[in-house]
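Have a look at the fold, then read on.

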Amino acid sequence: MTAFMLACYLNGVVEGAIYFKSAADCIRFSKYLSVQEYDIKGETQIYQCICKLIPNIDEKKVRVY
């Protein structure tokens, strides 16, 4: 099965990922979550999310929404 992975980064470090069947859903969540700013110990951290196409994924091992 083909899926779209929403990968989220906090200052370049992967913080989480979730898989979607629909590119539209992945992009919608990406726009909603991206460009948030957090102040951690006086330093501004930027949260960025992107969608990546994953051509072969095993639905038995990974939950796809």
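Helices (H or I, at least four residues) and strands (E, at least two) are taken as DSSP runs and numbered from the N terminus. We're looking at a predicted model, where local features need pLDDT of at least 70, side-chain atom pairs count only at pLDDT 80 or more, and totals for chains, interfaces and linings use all residues. Residue numbers start from 1 along each chain as its sequence is written, and side-chain values use heavy atoms, leaving out hydrogens and water.

Start with the sheet. Four strands make an open sheet in the order S2-S1-S4-S3, paired antiparallel; two strands pair if DSSP finds at least two bridges between them. The edges are S2 (13–20) and S3 (36–40), each pairing on one side only. From one strand to the next, the twist averages 25°. S3 and S4 (residues 43–54) run antiparallel and are joined by five bridges, and Tyr 38 has Gln 45 in S4 as its bridge partner.

Now the helix. H1 (residues 23–33) lies across S1 (3–10), S2, S3 and S4, running at about 10° to S1. Contact here means heavy atoms within 4.5 Å; axes are lines fitted to C-alpha atoms, for helices over the stretch in contact, with angles from 0 to 180 degrees between N-to-C directions.

Most residues other than glycine have a negative phi, but Asn 11 and Lys 41 have positive values.
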